[in-house]
Amino acid sequence: MPSRLRAIPAGVLLVAAGTFGLLAVLAVLGRAFGGPPEVPLPERIPRPPDYAKPLGAALSLGPAREDEAYLDAFLRTFTSLTPENAMKWEVVHPARGRWNFDEADALVDAAVRTRKRVRGHPLVWDQQLPPYAARGDVETMLREHVRTLVRRYRGRVAQWDVVNEPLEDDGTLTQNPWQRTLGERWIDVAFATARAADPEAQLFLNEIGAERGVKFSALVALARRLRDRGVPIDGIGLQNHTTSGNFPSREVLAEDLAAIGKLGLEAEITEMDVEGASPRAYAAAARACADAPNCTGLTVWGVTDRWSWIGEDKRALPFDAAGRAKPALRALTGPLRRR
Ligand code: G3I
């Protein structure tokens, strides 16, 4: 027995060991009978195909627990997980000093147990924001929120959408509570706080509808200003929510990814869905990302149409409502398979 333990009375050691053992048993029982809900992983975890880059999907705990086809399609197809809503401010931090990580923990635990990458989403977004966070000392609350969330998942989240959708469609900065109070430097604060909380995570600026035109130019200009101010930004996320009748071509996305690369930044297609699920639209994004050295992955925003945020009737995802693969799935996965 190590000398330092010999100095402790045997009775004390016995009590300590017993207490530890009891706590361990309680933890197991707690999870089995009424602990926080988990993703019901099967005994045998299906292996997704071998992709050259992460292919991800947004996941929600409710559907994963209720719909076997949804969870099975996710496990056997995707190698990256983005919590669809579980990490949003209103969910994890509903009141000052009150936190609820149950759903986020369940999704991150499942990703770790199935060896999938995790994209944390989002740290700061003015949607799904509890009213308390939008008034008073918004900077302190922003720092506290980002620091707590990033620290909790340090080492388990590969990329964070640090700032989500800071631009209006005309390319101007959204007048959210932080912009109104601090001006553009609120973005600097968010990124610097995230970097300090987890120096390893890659930090992204994520935007909707910015694949083309004035919004893309404004997004690149913003990223350039941040980089030139020494803000620790690593990448830009293009969400690519689109439609079968009007989607960014492979060439447009290739130019976007190259322009982002010229800033020295990584790029990710972060939330793709295509109303009508045109295979050409999915193939365009998959080929552009596969061919771009700085594209770190592609994530679709959901798994099956049944649970799509945009509505089952839009048929926007690679799997139908029953979890059957559509032609879009082959169009999406083909270009990303390791050659
Ligand atoms: O959890 C509550 C539930 O308790 C309540 O009964 C129910 C009915 O009111 O609402 C549930 O919350 C909903 C939440 O999704 C979880 O299902 C919210 O009302 C609903 O607004 C929310 O929608 C999410 C939306 O972001 C919010 O803006 C979508 O699921 C989610 O897919 C969507 O995702 C966003 C990305 O985060 C950012 N980029 C755009 C993308 C699409 O809007």
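**Notes on the predicted model**

1. Let's start with Asp188: this residue counts as buried, because its relative accessibility is 18% and the cut-off for buried is under 20%. Please keep in mind that this is a predicted model. Asp188 sits in helix α9, which spans residues 185-197. Leaving aside residues up to four places away in sequence, Asp188 touches Leu226, Arg229 and Val231.

2. Next, the chain as a whole. The protein chain has 13 helices and 9 strands. Of its 339 residues, 52% count as buried, and Asp188 is one of the buried residues. The chain exposes about 15,300 Å², with carbon and sulfur atoms supplying 53% of that area.

3. A word on how the chain contacts itself. Among contacts with a separation of 6 or more, 77% are between residues 24 or more positions apart.

4. Which residues are the closest to the ligand? They are Glu84, Lys88, His121, Glu165 and Glu271, out of 13 residues that surround the ligand. Sorted by class, this shell has 6 polar, 4 charged and 3 nonpolar residues.

5. Glu165 places a polar side-chain atom 2.7 Å from a nitrogen atom of the ligand. In His121, an N or O atom of the side chain is 2.8 Å from a ligand oxygen atom. For Gln128, the distance from a polar side-chain atom to an oxygen atom of the ligand is 3.5 Å. As for cover, the ligand taken alone exposes 790 Å², and the protein buries 48% of that.

6. On to the disulfide. How many disulfides does the structure hold? There is 1, and it joins Cys289 to Cys295, with an S to S distance of 2.1 Å. As a reminder, a disulfide is a covalent bond between the sulfur atoms of two cysteines. The torsion about the S-S bond of Cys289 and Cys295 is about -95°, so this disulfide is left-handed.

Notes: Residues are numbered from 1 along each chain as its sequence is written. This is a predicted model: local features need pLDDT of at least 70, side-chain atom pairs count only at pLDDT 80 or more; totals for chains, interfaces and linings use all residues. Side-chain values use heavy atoms; hydrogens and water are left out. A residue is near a molecule or strand if one of its heavy atoms lies within 4 Å of it. A polar contact is a pair of N or O atoms within 3.5 Å; within protein, one must be able to donate a hydrogen and the other to accept it, and residues adjacent in sequence count only if both atoms are side-chain atoms. Accessible areas come from the Shrake-Rupley method with a 1.4 Å probe; for residues, only the protein chains shown count as cover. Ala, Val, Leu, Ile, Met, Phe, Trp, Tyr, Cys and Pro count as nonpolar, Asp, Glu, Lys and Arg as charged, and the others, Gly among them, as polar. Helices (H or I, at least four residues) and strands (E, at least two) are DSSP runs, numbered from the N terminus. Buried means under 20% relative accessible area, exposed over 50%, partly exposed in between (1.4 Å probe, protein chains only). Contact means heavy atoms within 4.5 Å. A disulfide is a pair of cysteine sulfur atoms within 2.5 Å.
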